[in-house]
Every structure is written in C-alpha cells, then in structure tokens.
Amino acid sequence: KNSIKKAMAGRNSLYSFLALCVLISIYRAFLLGYSLGEQNAGLPRAEDAPAVHGTVTYIRRQPQRVARSRDHSQDERQTSSAPSPPAPDGWEKYSRYDVRHHYDCRAYARDHTRAIPTLEYWHLLRKQYNDIVDSTVDLDDPVPPTHGYTLGEKGSPPFYAKHAADKGRGLFASRDIKKGELVHDGTHSDLVFPNAMVWRKFIFSLPKNMACDVTEWQWTQALTNGGNLQICLAPSIASLMNSSSLSPNILPKSNISTKMYAVRDIDREEEILMNYSIYETNWEKVGL
C-alpha cells in the first residue's frame, strides 16, 4: 500500500508540474503576442499587403492625407507637363481635320477662358520641335516666348498677350505704333515642317490641348515666289494674333513675306489684327 501511495503521489506531482509548464507557456505566448501587436500596429493585413516572389512584404502604413478638391482644367491648359495621349491607330494617315476631330478641338476652341501659354508650355513645344522635327534649329533667344522674340535692336515686339473680349486670347499693342512700323517679323522666329509625316509625329508627341492649339495656330504659306506651300508655326505669343478681314492693322507686303507692318497708326492697348487670308491655306497640298 505504501508503494502504491508513493507512486500516486509522484504521478500527481508530475501532473502538477506539467500543468504549471503549460500555464507558463500560455502566459509567455500571451506576452509575445501582445508585444508583436504593439510593434506591428498600423501594418496592413497579410491579405492586403503586396506579395513579392510569393512572400508577403509588409509596408508600414503612412498617415492618410485628405486631399482638397481641386479643378485641374486650368492646370491642364496651363502646364506642359501633362503627358501626351497615345497616338490613335492609323495616325500615319491623319489629316489636320482628323487630328482636330480626334481631340475634339472644336469644343476646346470654344472655351474663351483658355489660359495664356506659360514659359514652360513654350519650352516643351520648342523641345519637341528640336527632338522630332529639326535638331539644328537654334531656338535660344534672350527674349522669352512669353514676350515674343528678339525683333531687331528694339528687343521684343511691341505687343503682349492677354484675353480679348469674346475671342479668347489675343495680342495687344504695348505702346503706340506708327504707320509703316515693323510690328512682327517671322523670318527668324517661325518654324517650318518639312513634310506631313514629321508634322504628325510632332503633333502626337504633344499633350492634347497643346496639339489643339498648334493645329489652330499653324498655317500654310509659300516662302518664295513659285515655291511649294510650307507648314508654318510661330513658337511664341505671336501665335495668338487674331485676324480681321475687314480692318486689319498690320499686313505683310506680299503673300510670301512674314514681316508685318502697321498699315495705320495703332494706339497702345489696341488689339493687333492681321488678315489670315493673305496666305493660301490648303492643307491637302501639304499632305494634310
């Protein structure tokens, strides 16, 4: 009997020891779990975390910021950093009309609040011309394109850009201008495109609204007597010049010249107006 009692007492002691070990393990697991919970507070759940090569990589969650609502329409018009959209299928055969239809440029043109292009805007346009059309053309000028270009020894031309009533953007005389005075000279500032395919590559490298602007501003013109029509563009605020077939106040001396002279005295703050029809506009002749 004594042997049996001793055996039972030993077994009870073993059970008590094992139970104590289990309790200690549970307590340690609790402490470890609490510690990990404190360390990993703010981490996403495993199923929400990004997987890398089949394993879960935890990224500490950053504090959320509430963004204020903002109208980006003005930014898109103003900035040149907006990415150019992908060219559509069959772009290699697009005409000027096709480009304007593709980008819905007519609706854009009806917006008379379109921003005056910034310096960044003109720099991108010029960079794309150098990169895609002709890298040998030197577009550096001490006069920024937001003020025009260098006009002889007088510095910038006698006009500046602002919004014109019921027209959108336009050019206005920055001082009184005398009849016969040279107001605009595109001889050294205008850009020429060698062919329609290069023009398309250039257009589809631009942000949407810039492409609409360019297709609106460009014109076709023969630059020599009997010469072929060329696709031309003024890479400065000179592109904002509006037209009047009835009362232009500046005109070239011939339809192959890009030098424009005041046909009468022009008062300061008066809008500068040419007559677009002085040049032959024929997009089919230039492949567009």
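Let me start at one pair of residues: Pro252 stands opposite Met260 in β11. Strand and helix labels here are DSSP runs, numbered from the N terminus, with helices being H or I of at least four residues and strands being E of at least two. The model is a predicted one, where local features need pLDDT of at least 70 and side-chain atom pairs count only at pLDDT 80 or more, while totals for chains, interfaces and linings use all residues. Residues are numbered from 1 along each chain as its sequence is written, and side-chain values use heavy atoms, with hydrogens and water left out.

Back to the strands. β10 and β11 run antiparallel and are joined by three bridges. Two strands are called paired if DSSP finds at least two bridges between them. These two belong to an open sheet of three strands, in the order β5-β11-β10, with antiparallel pairing. Its edge strands are β5, residues 182-185, and β10, residues 250-252, each pairing on one side only. On average, neighbouring strands of this sheet are turned by 30° against each other, direction ignored. For such angles, axes are lines fitted to C-alpha atoms, for helices over the stretch in contact, and angles run from 0 to 180 degrees between N-to-C directions.

There is another open sheet of three strands, with the order β6-β8-β7 and antiparallel pairing. Here the edge strands are β6 (191-193) and β7 (219-222), and each of them pairs on one side only. The twist from one strand to the next averages 45°. Three bridges join β6 to β8, residues 229-233, and the two run antiparallel. Phe193 has Ile231 in β8 as its bridge partner.

Is Thr220 buried or exposed? Thr220 counts as buried, at 0% relative accessibility. Buried means under 20% relative accessible area, exposed over 50%, and partly exposed in between, with a 1.4 Å probe and protein chains only. Thr220 and Tyr279 are 59 residues apart in sequence, and their C-alpha atoms are 7.1 Å apart in space.

Next, the cysteines. How many disulfides does the structure hold? The structure holds one, with the term meaning a pair of cysteine sulfur atoms within 2.5 Å. In general terms, a disulfide is a covalent bond between the sulfur atoms of two cysteines. The one here joins Cys105 to Cys212, at 2.0 Å from S to S. The pair links distant parts of the chain, 107 residues apart, with Cys105 in helix α4 (residues 105-109) and Cys212 in helix α7 (residues 208-217). The link of Cys105 and Cys212 is left-handed, with -80° about the S-S bond. Cys105 is buried at a relative accessible area of 0%, and Cys212 counts as buried at 1%. Cys232 is buried too, at 2%.

Helix α7 is largely enclosed by the rest of the structure, because eight of its 10 residues are buried. Among the buried residues of α7 are Asn209, Asp213, Thr215 and Trp217.

Two backbone points. Asp104 has a positive phi of about 55°, although it is not a glycine. Asp104 is found in the loop between α3 (96-102) and α4, and it is partly exposed at 46% relative accessible area. Glu269 is another residue other than glycine with a positive phi, near 75°. Glu269 sits in the loop between β11 (259-262) and β12 (273-274) and is partly exposed, at 36%.

Last, the pockets. On a 1 Å grid over the protein atoms alone, a pocket is an open set of points with protein on both sides within 12 Å along at least five of seven lines, and lining residues have an atom within 4 Å of a point. The largest pocket has a volume of about 530 Å³, where a volume is the space filled by probe spheres set on the points. Which residues lie nearest the centre of the largest pocket? They are Glu216, Trp217, Ser239, Met241 and Tyr276, out of 23 lining residues. By class, this lining has 11 nonpolar, six polar and six charged residues. Ala, Val, Leu, Ile, Met, Phe, Trp, Tyr, Cys and Pro count as nonpolar, Asp, Glu, Lys and Arg as charged, and the others, Gly among them, as polar.

The second largest pocket has a volume of about 210 Å³. Of its 16 lining residues, Asp138, Asp141, Tyr149, His188 and Ser189 lie nearest its centre. The lining of the second largest pocket divides into six nonpolar, four polar and six charged residues.

Key
On a 1 Å grid over the protein atoms alone, a cavity is a set of points where a 1.4 Å probe fits but cannot get out, and a pocket is an open set with protein on both sides within 12 Å along at least five of seven lines; lining residues have an atom within 4 Å of a point.
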